[in-house]
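Here is a quick tour of how the chains in this model meet. Have a look at the structure first, then read on.

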Protein chains: 4
Amino acid sequence: VNKDVRDQAIAHNKEVIDYGIALGSDSLTVWLSDGTTFPGQANFRQAYQHTLASLKEIYDQLPEEWKVFIEYKPFEPNFYSMSIPDWGTSYMMANQLGEKASCLVDLGHHLPNTNIEQIVAILMMQNKLGGFHFNDNKYADDDLTVGCVKPYQLFLIFNELVDGMNNTNNPNLSWMIDASHNLKDPMEDLLQSVDAIMMAYAQALIIDRKILIEAQQNNDVSLAQEVLQGAFRTDIRPMTAEARRIKQGALQPISAYRYLKVRKELIKERGKKTISTGL
Amino acid sequence: VNKDVRDQAIAHNKEVIDYGIALGSDSLTVWLSDGTTFPGQANFRQAYQHTLASLKEIYDQLPEEWKVFIEYKPFEPNFYSMSIPDWGTSYMMANQLGEKASCLVDLGHHLPNTNIEQIVAILMMQNKLGGFHFNDNKYADDDLTVGCVKPYQLFLIFNELVDGMNNTNNPNLSWMIDASHNLKDPMEDLLQSVDAIMMAYAQALIIDRKILIEAQQNNDVSLAQEVLQGAFRTDIRPMTAEARRIKQGALQPISAYRYLKVRKELIKERGKKTISTGL
Amino acid sequence: VNKDVRDQAIAHNKEVIDYGIALGSDSLTVWLSDGTTFPGQANFRQAYQHTLASLKEIYDQLPEEWKVFIEYKPFEPNFYSMSIPDWGTSYMMANQLGEKASCLVDLGHHLPNTNIEQIVAILMMQNKLGGFHFNDNKYADDDLTVGCVKPYQLFLIFNELVDGMNNTNNPNLSWMIDASHNLKDPMEDLLQSVDAIMMAYAQALIIDRKILIEAQQNNDVSLAQEVLQGAFRTDIRPMTAEARRIKQGALQPISAYRYLKVRKELIKERGKKTISTGL
Amino acid sequence: VNKDVRDQAIAHNKEVIDYGIALGSDSLTVWLSDGTTFPGQANFRQAYQHTLASLKEIYDQLPEEWKVFIEYKPFEPNFYSMSIPDWGTSYMMANQLGEKASCLVDLGHHLPNTNIEQIVAILMMQNKLGGFHFNDNKYADDDLTVGCVKPYQLFLIFNELVDGMNNTNNPNLSWMIDASHNLKDPMEDLLQSVDAIMMAYAQALIIDRKILIEAQQNNDVSLAQEVLQGAFRTDIRPMTAEARRIKQGALQPISAYRYLKVRKELIKERGKKTISTGL
């Protein structure tokens with residue numbers, strides 16, 4: 001509500017942009033925790049207008065070739081309403097801001113049962129899909145390892161991405177992993193997440209789209225399912241392993257990571273650097 | 001997918017418009033059951049484009065002063081995706097169609113836990129709230145009597161309507177009740193629904209907005225809640241009864257309906273008409 | 001509420017048992033659509049007691065070696081409460097009935113986000129898992145082809161079944177497919193469903209349980225995931241195809257079904273029978 | 001998994017019982033955050049058995065007249081499974097422990113759309129409803145002020161309590177408020193919560209149960225709704241205010257609290273005590 005507080009937030013974002021320029025970055029992700037926890041706590045329209053006005057000031061500070069991503073989330077940390085609760089609000093704002101603005105999809109930021117792949121497809125068609133925060137979830141914003149609970153949903157999302165990538169008007173996508181790992185070694189969590197993304201992408205690439213389109217045109221629902229599941233049931237691991245090998249990577253990342261004691265080495269390394277910095 | 005089938009649907013809508021003109025109507029509600037029940041059954045982008053193209057043809061046939069409402073629904077009768085699943089898609093389409101098009105909110109057409117009052121507020125602010133299908137629900141599109149499960153949510157929606165009505169750029173709202181009644185006398189269900197709407201509206205009108213705004217500005221969350229709940233806890237029934245009396249209506253609709261045996265009389269009446277028509 | 005109506009229902013179930021005896025059946029599945037659609041419509045406690053009393057009368061009529069399965073469902077066709085809404089109520093009743101009674105799990109009969117595999121595991125441990133209605137869903141009781149939306153959940157359920165089958169005190173499970181198919185040829189839907197079940201079962205069988213248990217004991221969460229996903233990512237189709245071949249079945253059921261025009265032949269066959277019956 | 005860790009937890013609970021005895025308490029609430037965040041992380045059956053075995057050791061230490069409440073929660077802090085996820089598991093454990101054990105219902109610990117009042121009714125009928133953690137929520141375990149989002153649900157829960165209290169075999173209920181208040185003065189949050197509970201209770205007491213039962217027996221669903229809503233629509237605030245006045249309490253607690261600057265006085269008071277303790 002308060003203009004001073006908003007000005008602080010705007011100034012903070014501008015500062016972040018300056019750091020980004022210095023670091024050679026070219027995009028800004030805005031996720032707002034703003035919202036209300038009790039009915040009546042704030043006015044929805046005013047909150048929207050304040051949010052949009054502040055985003056406009058930030059938008060105007062963006063360097064020419066930069067992009068800004070508008071993230072959405074239905075609840076948490078606020079428990080009655082969020083200022084940008086869903087893709088519809090994010091899309092509305094991205095449109096009102098301009099071409100540099102697009103929507104960011106965090107897989108865990110949806111109400112139960114949401115068809116995320118449809119949102120991805122429609123945003124991409126409207127040139128407003130900016131990128132992803134990949135993770136997985138069973139209940140809410142659980143921030144689990146990508147693909148650990150709903151691998152088929154991940155595949156269906158990549159099916160849309162592969163299918164929609166011929167739309168060159170949509171901005172280049174920004175790929176981010178946003179998982180929290182207090183039960184796993186964070187590096188192993190990342191290795192598993194990257195692997196899940198590679199597999200979903202590769203499986204989406206081997207979908208026989210010619211037959212899929214024919215099946216859709218003939219309303220042959222069984223066949224359409226056979227085509228999608230056929231790609232998903234294929235053991236794609238040899239192919240993603242080979243793709244890593246070609247790039248001088250490990251065939252089996254987790255095993256290599258453990259065998260080479262990478263974690264231990266990295267901790268040692270960090271120790272050295274900290275000491276040299278200290279000097 | 002098939003152009004012929006779409007043309008039939010378009011022709012049907014045009015025919016409906018003609019009947020509407022003959023009957024003195026001035027609006028068309030489009031609720032599409034279209035969608036898919038299995039992954040891969042259809043292409044989301046193509047389905048969107050076909051839907052929009054068809055709606056454009058219908059839109060172009062609308063008489064000058066008519067409006068068209070785009071309804072949305074997350075699932076059922078299709079169980080994987082709906083062509084217009086949420087308010088975001090409905091808003092996108094209404095925008096792409098033009099000024100005569102706006103969004104229709106059916107209270108039962110949302111995923112679990114959706115904050116409907118926020119959607120209502122934002123659509124109204126964007127001049128795209130066309131109207132309502134009022135009903136209530138606990139699980140899905142249950143089509144229950146208005147206010148029978150979540151009366152406070154109904155009040156919060158009316159709070160937004162009363163607050164947003166100063167926006168004269170939003171179209172006049174269309175009010176519809178869309179409840180299914182196979183367990184109650186349908187007339188009694190309607191009487192209870194209308195009563196619930198009158199009470200929610202009247203309670204929203206007695207909210208002390210001056211204090212509410214002050215509380216919001218001071219971030220006095222407890223007071224904001226006191227103000228809203230104070231209006232909701234007020235027994236508004238004498239006021240709505242008096243409003244009915246002034247208009248020559250019944251003080252207690254259900255009791256009057258039963259005492260006067262209206263149902264029985266209507267059935268008799270219908271019998272007569274049927275016979276005379278038969279002759 | 002009404003005793004006469006309950007007596008009719010009881011008599012109907014007894015009649016069904018008689019037919020079952022004549023047909024050589026050995027179990028009865030009870031799914032009750034009973035419940036309420038509006039708050040206050042009935043008394044929860046009384047509904048429970050009436051349901052239990054009626055089930056007891058039916059239970060007493062069961063032949064010695066028969067079993068009765070108590071199915072549960074959270075909503076639909078009633079929209080406020082169901083008499084047996086969840087596994088807890090089903091379990092309570094099965095316990096109060098006796099050893100012949102156990103719980104039936106329909107995969108689509110759960111509230112959003114339910115961990116079904118945990119329910120399966122716990123019921124099996126308590127000797128009260130009677131069987132399944134297999135299907136798949138995205139929103140509610142969608143009755144889709146098994147495995148078409150959540151194949152990994154199906155695999156996790158079979159993981160529990162394989163792991164729990166050493167409990168010989170649990171009754172032999174009854175396997176039923178309960179999918180609705182108005183968009184697919186019903187036979188093809190069944191072929192796809194059976195295939196999905198075979199794959200989930202086979203993949204659960206190849207889980208390296210020794211390593212899984214070690215990982216669990218060492219709290220090596222990453223490794224536990226690797227083990228489960230390793231089995232699930234394995235292309236098990238050659239193995240299930242071979243299993244079919246050994247039993248003189250088709251390697252690729254859908255293809256064979258289409259190539260051999262089984263549907264057409266069956267319709268012809270049915271035509272003949274109908275005619276001869278007609279004579 | 002680890003026996004040593006479980007023994008620590010058991011020892012901790014026994015210590016808590018000792019403190020409770022010293023303080024004159026007579027009950028122990030067990031809420032377990034245990035569970036798993038990734039599929040495969042632990043074995044459901046083993047987790048259940050370990051949990052039950054530990055609870056048995058604690059149970060055996062309970063003084064004669066003590067009670068133990070088993071709380072359940074579907075997710076958070078674990079995101080794949082909880083050891084006691086639902087009322088069914090809690091009930092199963094309470095039964096296996098013995099008469100001193102019963103179930104604790106936290107209103108925020110349910111999956112979306114759960115009919116909580118039915119759970120309350122059935123547990124009470126089975127003599128296993130131990131008490132409540134009152135709060136309110138819109139999405140998950142939001143821990144909001146009681147009655148601030150779903151006041152009608154609260155009323156329906158009290159309807160069951162009033163109706164079921166003639167069952168003297170159910171233990172005396174323990175009433176707890178479990179709300180989190182980082183946006184409101186915690187004292188004001190509590191005052192609002194207590195007020196909401198008093199109102200729901202008083203409104204449940206004025207339900208005309210004779211007519212309600214008649215309506216249920218006649219399957220007069222409209223009338224049953226009129227009876228419930230009639231009680232809920234009644235402005236009960238004068239009655240709860242009078243009840244407070246009789247007990248020498250404030251007519252309007254929040255106003256009195258603010259007018260008398262209770263918070264400020266309490267802080268001063270605390271300051272004094274802290275100082276004297278310090279000396």
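## Ground rules

Let's start with a term: a salt bridge here is a side-chain nitrogen of Lys or Arg within 4 Å of a carboxyl oxygen of Asp or Glu. This is a predicted model, where local features need pLDDT of at least 70 and side-chain atom pairs count only at pLDDT 80 or more, while totals for chains, interfaces and linings use all residues. Residues are numbered from 1 along each chain as its sequence is written, chains are lettered from A and ligands numbered from 1 in the order in which they are written, and side-chain values use heavy atoms, with hydrogens and water left out.

## Where A meets B

With that in hand, A:Asp163 pairs up with B:Arg45 in a salt bridge, the closest N and O atoms sitting 2.3 Å apart. The rule finds four salt bridges across the interface of chain A and chain B. There are also 18 residue pairs in polar contact, both partners at pLDDT 80 or more; that term means a pair of N or O atoms within 3.5 Å, where within protein one must be able to donate a hydrogen and the other to accept it, and residues adjacent in sequence count only if both atoms are side-chain atoms.

Which elements of chain A give two or more residues to the side that touches chain B? They are helices H2 (44-60), H3 (87-97), H4 (116-125), H5 (151-164), H7 (209-217) and H8 (221-233), plus strand S4 (81-82). Helices (H or I, at least four residues) and strands (E, at least two) are DSSP runs, numbered from the N terminus. H3(A) gives the largest share of that side, six residues. By class, the side of chain A that touches chain B has 23 nonpolar, 19 polar and five charged residues, with Ala, Val, Leu, Ile, Met, Phe, Trp, Tyr, Cys and Pro counted as nonpolar, Asp, Glu, Lys and Arg as charged, and the others, Gly among them, as polar.

In total, 47 residues of chain A are in contact (heavy atoms within 4.5 Å) with 47 of chain B. About 4000 Å² is buried between them, 60% of it from carbon and sulfur atoms; buried area is the accessible area (1.4 Å probe) that two parts lose on being put together, summed over both.

## Where D meets C

Now for chains D and C. The contact takes 47 residues from each of chain D and chain C, and the buried area is about 4100 Å², with carbon and sulfur atoms giving 60%. Four salt bridges turn up across this interface, including D:Arg45 with C:Asp163 at 2.3 Å, N to O.
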